[in-house]
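Let's take a look around this one together. Have the sequence and the 3D view handy, and we'll go piece by piece.

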Amino acid sequence: MPQQIRSEAHIATGSVGMLTDPAQVETILTTEQADLVFLARELLRDPYWPRRAAQELGTKLKAPVQYERAR
């Protein structure tokens, strides 16, 4: 549905609900089914979801500066 709205209305659209798998989110974004995704509940369950997703998708992230200072 967001893809149809996006293509016909020419406005930014977001995908929501049951987005827990990093590969699924990546597919939604790379195939332009939506312009952005909302991960509200998943981020409540796992606040480190973005870091886990990056690792699963083979992207290396640098730790925030504040974390580096704690070493």
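## Helix 4 and its buried side

Start with helix 4, where Trp49, Ala53 and Ala54 are buried. Look down the axis of that helix and its buried residues fall within an arc of 135 degrees, so they line one face of the helix. Keep in mind that you're looking at a predicted model.

So what sits over those buried residues? The cover includes helix 2 and helix 3, the latter running over 40–45. Past the end of helix 4 comes Gly58, and its phi is positive, near 80 degrees.

## The nonpolar core

Two of helix 4's buried residues, Trp49 and Ala53, turn up again in the largest nonpolar core.

Skip its neighbours within four places in sequence, and Ala34 still has contacts with Arg6, Thr13, Gly14, Ser15, Ile28 and Leu29.

## The largest pocket

Next stop: the largest pocket, with a volume of about 170 Å³. Which residues line it? One stretch of the lining is Val16, Gly17, Met18, Leu19 and Thr20, and the rest is Phe38, Leu39, Ala40, Arg41, Glu42 and Arg45.

Sorted by class, the lining comes out as 6 nonpolar, 2 polar and 3 charged residues.

Note on methods. Residues are numbered from 1 along each chain as its sequence is written. This is a predicted model: local features need pLDDT of at least 70, side-chain atom pairs count only at pLDDT 80 or more; totals for chains, interfaces and linings use all residues. Side-chain values use heavy atoms; hydrogens and water are left out. A nonpolar core is a set of buried Ala, Val, Leu, Ile, Met, Phe, Trp, Tyr and Cys residues joined through side-chain atoms within 4.5 Å. Buried means under 20% relative accessible area, exposed over 50%, partly exposed in between (1.4 Å probe, protein chains only). Contact means heavy atoms within 4.5 Å. On a 1 Å grid over the protein atoms alone, a cavity is a set of points where a 1.4 Å probe fits but cannot get out, and a pocket is an open set with protein on both sides within 12 Å along at least five of seven lines; lining residues have an atom within 4 Å of a point. Grid points are joined across faces, edges and corners, and a volume is the space filled by probe spheres set on the points. Ala, Val, Leu, Ile, Met, Phe, Trp, Tyr, Cys and Pro count as nonpolar, Asp, Glu, Lys and Arg as charged, and the others, Gly among them, as polar. Helices (H or I, at least four residues) and strands (E, at least two) are DSSP runs, numbered from the N terminus. The arc is that of the directions from the helix axis to the C-beta atoms.
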